[in-house]
Amino acid sequence: MNYRLIGKYTGNILLVEGIFLLPAIAVAMAYREPQSARAIAIAALITLLPGILLSCIRVHRSISMSEGFVVCALGWIVLSLFGALPFYISGEIPRYIDCWFETVSGFTTTGSSILTNVEAMSHGLLYWRSFTHWIGGMGVLVFLLAILPLAKGDGGPLQLMKAESPGPSVGKLVPKISTTAKITYIIYFAMTVLMVIILLFEGMPLFDAVMNTFGTAGTGGFAIKNNSIAAYPSQLVQMTIGVFMALFGVNFSVYYLMLTRKWKDVLHNEEFRWYWIIMLGASLLIAINVFRGFYPGDFGQAFRDSFFSVSSVMTTTGYCTADFGKWPEFSRYMLLLVMCIGASAGSTGGGLKVSRVLLLFKHLRLQMCQMIHPRRVRSVRMDKRRVDNSVMFGTTAFLAAYLCILIVSVVLVSLDGKSFETTFSAVICTFNNIGPGLGMVGPTGNFSAFSDFSKFVLSVDMLFGRLEIFPLLFLLSPEVWMTKRLSTPIVSD
């Protein structure tokens, strides 16, 4: 393991984070919040100094897969530790464990919160809190690949992309990974700007439009109102946010195919089709289930609220317009199901991912067919292409690790003595980067009642979920740190 290389990448991450803190200072000053501006400025200085020093380290070799995973996991932990400083220095969140929980929730685009009155926060810190969603949505390492000449040669950029990008496999839109990262961020930025403009035309104030867009684009769901999106009575605003949540849950490679007019490839994309089938199908079933008891005579409103809720939890955003914790059992557990399925691979959403669920079902079907016809040679296919065995092995390994971490986390959090519904949904919604769950952590609840130990466990679950388990496991593995690379190809700075 090359410690100089890891230090350099960690420095680059801190440098970018320090620069990203600067607009929050401007927001605080614009709203005449000197204490908030001072706290953010001190935090920016503390972040920039080690960032500048570490980024000056010179390295002369590319990055391996294990090093890429370690850089990714360590980078996200450091990002969260330093990102929590503005909240702590300002005193608006007095306890550091709460600051760290809130910041991890922001960067991992989870949206779970310990705040009981979010409207009491200053504008500068509300901006930083929501902006962490936008940064974490596409990933800080992907951003670095888009703007800096990092990890050249020997597949280095691909190792970083694999470590941070969600999904069972990572592909390139164009031959160069850095160009792929740029294209992805251009699409991400363009969709963000488009949503802000639409919300402004619909009458939402500028600050609110930008903050709600950050939460939607990153599929994070940090609200700036205590009633979340229900605070905006306009049905047009609510449906705009609901639709954009769904759009940000689509694999961004599909948008690239649309831009390059490869419509056949879009239509043949199985994950894209099943993503919409699951979302619209679940919305319709829930609307039918809640119609009579909660929306008598207004099926349109029942479908709007059910679609918004399904779009929110399936893309793991976490906004809400209705308290689905009070809905019938069928609707609540239907939402729990789509929480676990999650959004598409290559999107800003969390969860298992639709493509991974499809692969597991296809693999199950293949195994059953081989038991019936043992001499027949068949393979798992996705989008009419054969799926490599390494992808299938990785998918099954991911599921095994997912279940193990889920079980251990539920056992640890149960020490708080909360109800099973609260404990289980708290782990599910943090592990899948969703935000609200059921019981005490429902749409109108929060995580402030949990112990410091449970908040730490749930924060680690958020990191496991956003990094899709393996990078954090690599970081915690002593064998990875003791392993020496057999080859050290030379590359230029």
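This is a predicted model: local features need pLDDT of at least 70, side-chain atom pairs count only at pLDDT 80 or more; totals for chains, interfaces and linings use all residues.
## A buried lysine and its surroundings

Lysine 455 belongs to helix H20, which covers residues 452–466. What does its side chain pair up with? The side chains of lysine 455 and aspartate 98 are joined by a polar contact of 2.7 Å. Setting aside residues up to four places away in sequence, lysine 455 touches Arg95, Ile97, Asp98, Phe101, Ile114, Phe447, Ser448 and Phe450.

Two of those neighbours turn up again elsewhere. Phe450 has lysine 418 over the face of its ring, at 5.3 Å from the ring centre. Phe447, for its part, is among the residues with the most contacts inside the largest nonpolar core, along with Trp128 and Ile241.

That core has 136 residues. Helix H1 (residues 3–30) supplies the largest share of it, 11 residues. Now zoom in on tryptophan 128: apart from its neighbours within four places in sequence, it is in contact with Glu17, Phe20, Leu21, Ala24, Gly83, Pro86, Phe87, Phe107 and Ile135.

Phe20 also shows up in a cluster linked by ring pairs, together with Tyr127, Phe131, Trp134, Tyr185, Tyr188, Phe214, Phe244, Phe248, Phe252 and Tyr255. Across the whole structure, there are 29 aromatic pairs. Take tyrosine 275 and tryptophan 276: their ring centres are 5.2 Å apart and their planes sit at 80°, so this pair counts as edge-to-face. Are these two partners buried or exposed? Tyrosine 275 is buried at 0% relative accessibility, while tryptophan 276 is partly exposed at 22%.

| Charged residue | Ring | Distance to ring centre |
|---|---|---|
| Arginine 129 | Phenylalanine 222 | 3.8 Å |
| Lysine 418 | Phenylalanine 450 | 5.3 Å |

In the arginine case, the charged end of arginine 129 sits over the ring of phenylalanine 222.

Finally, a word on cysteines. How many disulfides does the structure hold? The count is 0. Cysteine 99 has 0% relative accessibility, so it counts as buried. Cysteine 429 is buried as well, with a relative accessible area of 0%.

Conventions
Residues are numbered from 1 along each chain as its sequence is written. Side-chain values use heavy atoms; hydrogens and water are left out. A disulfide is a pair of cysteine sulfur atoms within 2.5 Å. Buried means under 20% relative accessible area, exposed over 50%, partly exposed in between (1.4 Å probe, protein chains only). Rings of Phe, Tyr and Trp (its six-membered ring) pair if their centres lie within 6.5 Å; planes under 30 degrees apart count as stacked, over 60 as edge-to-face and the rest as tilted. A charge sits over a ring if NZ of Lys or CZ of Arg is within 6 Å of the ring centre and within 35 degrees of the ring normal. Helices (H or I, at least four residues) and strands (E, at least two) are DSSP runs, numbered from the N terminus. A polar contact is a pair of N or O atoms within 3.5 Å; within protein, one must be able to donate a hydrogen and the other to accept it, and residues adjacent in sequence count only if both atoms are side-chain atoms. Contact means heavy atoms within 4.5 Å. A nonpolar core is a set of buried Ala, Val, Leu, Ile, Met, Phe, Trp, Tyr and Cys residues joined through side-chain atoms within 4.5 Å.
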